[in-house]
Amino acid sequence: MSNIDSIRHVRGESLFIDDVTLPEGVLYGYVYYSPIAHGKIQKLDFSSALKSEGVRGIFSAKDIPGENQIGGIVPDENLFAEDTVHFIGHPIAVVVADSLIHARDAVKKIKGEFKKLPATFDPRQAAKKNELIIPPRTFEIGNVDQAWGNCDYIVEDSVESGGQEHLYLETQGSVAIPIEGGGIKIISATQGPTAVQRTAARVLALPMHKVEVDVARLGGGFGGKEDQATPWAVMAALAAYKLNVAVKLILPRQEDIRLTGKRHPYSSDFKVGLNKEGKILAYQATFYQNAGAAADLSPAILDRTLFHCTNSYFVPNVRATALSCRTNLPPFTAFRGFGGPQGMFVIESAIYKAAQIMGVDPSVIQKKNLLIEGDEFPYGQKVVQPHAKKCFYEIETRFSKNEIYRKVKEFNSENKLVKKGVAVMPVCFGISFTTTFLNQASALVHIYTDGSVTISTAAVEMGQGVNAKLRIIAAKSLSISEKRIKIDSTNTSRISNTSPTAASKGADLNGFAIINACKILTERLRHVAAEELKAGASSQIEIKDEVIYHNGEKTDLTFDQLIQTAYRNRISITAQAHHSTPDIYFDTKTNKGKPFAYHVYGTAIIEVTLDCLRGTYQFDSVKVVHDFGGSIDKVVDLGQTEGGIAQGIGWMTMEELIWNDEGKLLTDALSTYKVPDVHFVPKEIRVHFLENVPNPFGPLNSKAVGEPPFMYGIGAYFALLNAMRAFKPDLKINFSAPLTPEKVLLSLYS
Ligand code: MTE
Ligand code: HPA
Ligand code: MOS
């Protein structure tokens, strides 16, 4: 597997924040934060810390020249706490010193006194106290209240899903460098360069044009750097601005885990009604989202939970309500799937429970209710592609679903202490930012006189391979070799008003912007060629594989010569272009519209083997039929699918966040927080690319891939439940993820 960065990565030559060449006299920042979950700051004494060796300054709320406000959607979050702290890890001040060690030593000498206030960690309790980030949101279709009467089966239950630490390899960090004229340049590991720019400008009381943000690449983001790279970058910028010297601030791993937000834990209730044939007639759900102490991206994440609450199924009567609940934990944030996985886990639990009562396999109900063309989602959008069924059927035929089930049954009849389980997991995920205005991008394409090309867009490379895809799109659009093309860093001075690289939209939005810019260039170059060849209309000219054709005939004119000619004729060989996703809209009053450009579909079948003496398990295989549209880069897409699956299985099974009664995170290191490693990942992952499904709504007929495969991991939970029930048929089922080995073992013998 090789992509643009592979060779540099392997050689250790790729530059991350910690590798940036630092200006002379650079200082290092370290954050001082609240040791309690909720309380009043009674006294802050920096005097001995200020005298500590190497210290150059300590900055807190009172040192901010502009607004002490970093909230993106709701203005409810201070950069530094003022008189109240709201969670353990709430930043209070940043210390800067001549070395990281000196800064850290000084932080230990800060004396803070706090008066504790009552704290809430549970979202349902927060909801009872009406501690809501935004008013509750409800998506509704049909009439659930009437529909219950037509149901033969009605089941209800509650479902818990845990948070998830992003554990990107590169922790949060930035370097801020003062520049001429009172401006600041910030090199940041962020998915949202404009969020950093806008927030730094607000905090420093500068116009945005005085703040330049540059991003070469991230060592992983997974949503954790969509909003939450911002505070650390702004703190570095504040200190750099105040002292007029460069400041580097990188969170050490343990601080990163303690201070930053994670995937939202959810607590939910469902009620589902079906007829005898297994058709789902009605579905009602209430989602309590644990938002943490500030809004961050929670309202948008809450929306996506509602958008995906019926997953791949058509349900005619739905009422789904979601509450974003304020608690005294660090603000939870974006994480691959963006609330979608939490919504899907609940309907899959509902189907599982209904299947148990009806005495059928859940896949029977799943199959009966798959979306078909013309079906309406609870938010009003119509289904246009029949891929939900295509993928599900291919799992049955290509991967011999029945044979897998038969073998599992056979294995279980022959083994007492080791049991196997299998589950099917369909996924349907909407592609577009649900915040409609974010669905725009622009690209800047420079052709230099030697025929080499540099491309800038808003896309941030974080290991997902967006640069590889963008280079292919540019090469195809200009019909030149990929070797000519360099994808430049993401920079707010070159590309303004960027949407974050998120919602799996990086390649779509920026790819279309590149296509638009390349069209402009190609059009200009064809004119130049037509003149040069005295060929009449430029419509008779075609540029193909770096050669110029006239009326379909190859000419002697090459791409290099054409570029030279254009330049000498004073024709611009640079183009900038914008793209915005057509035909999408959403009315937040009625909660109806067409929020998504399209949907991504797929189905997975997952097998697990459970050691019933130890509670440990191994996933034997994950077999997937996935709709990539016309894949731009199969290697990148396969990598995204495998990575997403591993991360999804981790969320559902082994990754467990534990806070104590005081709201202190106990799992703040890799010794206590377990993530999938090379031994844990499924022994076999097979991915079939659904064939002949070009997507007219994606660049080069492709589909977005970043997030959807994550949700195949939900199948792991139910495969495991099935293995447990093979051992203990009367198992009492609590739908509560993660299903760690400890939980498995305890429930097998309780
Ligand atoms: N893959 C890698 N290797 N690293 C990442 O940080 N982030 C995921 C996904 N895949 C991520 C990743 C998330 S949360 C999103 S939204 C998409 O990539 C973003 O990139 P894209 O829009 O280019 O797909
Ligand atoms: N996905 C990711 N990030 C977002 C979205 C979304 O749908 N909306 C706003 N930010
Ligand atoms: Mo991804 S959670 O939209 O960064």
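Colleague: Which residues are around ligand 2?

Modeller: They are Glu226, Ala300, Arg304, Phe338, Phe433, Thr434, Thr435, Leu438, Ala502 and Ala503. To make that list, a residue needs a heavy atom within 4 Å of the molecule. Keep in mind that this is a predicted model, where local features need pLDDT of at least 70 and side-chain atom pairs pLDDT 80 or more, while totals for chains, interfaces and linings use all residues. Residues are numbered from 1 along each chain as written, chains are lettered from A and ligands numbered from 1 in written order, and side-chain values use heavy atoms, with hydrogens and water left out.

Colleague: What makes arginine 304 a polar contact of ligand 2?

Modeller: A polar contact with a ligand is a pair of N or O atoms within 3.5 Å. A polar side-chain atom of arginine 304 is 3.0 Å from an oxygen atom of ligand 2, so the pair qualifies under that cut-off. Threonine 434 uses a polar backbone atom, 3.2 Å from a ligand oxygen. For threonine 435, a side-chain N or O atom sits 3.3 Å from a ligand nitrogen. The protein covers 98% of the 260 Å² of accessible area that ligand 2 has on its own (Shrake-Rupley method, 1.4 Å probe).

Colleague: And how does the shell around ligand 2 divide?

Modeller: Into six nonpolar, two polar and two charged residues. Ala, Val, Leu, Ile, Met, Phe, Trp, Tyr, Cys and Pro count as nonpolar, Asp, Glu, Lys and Arg as charged, and the others, Gly among them, as polar.

Colleague: How does the shell of ligand 1 divide?

Modeller: There you get six nonpolar, 10 polar and three charged residues. A backbone N or O atom of glycine 506 lies 2.6 Å from an oxygen atom of ligand 1.

Colleague: Why are α10 and α18 called roughly parallel?

Modeller: Helix α10 (residues 340–358) and helix α18 (residues 714–727) pack at about 30 degrees, with axes 10 Å apart. The angle, which can run from 0 to 180 degrees, is taken between N-to-C directions of lines fitted to C-alpha atoms over the stretch in contact. Angles under 35 degrees count as roughly parallel, over 145 as roughly antiparallel, 65 to 115 as roughly perpendicular and the rest as oblique, so α10 and α18 are roughly parallel. Helices here are DSSP runs (H or I, at least four residues), numbered from the N terminus.

Terms used
A polar contact is a pair of N or O atoms within 3.5 Å; within protein, one must be able to donate a hydrogen and the other to accept it, and residues adjacent in sequence count only if both atoms are side-chain atoms. Helices (H or I, at least four residues) and strands (E, at least two) are DSSP runs, numbered from the N terminus.
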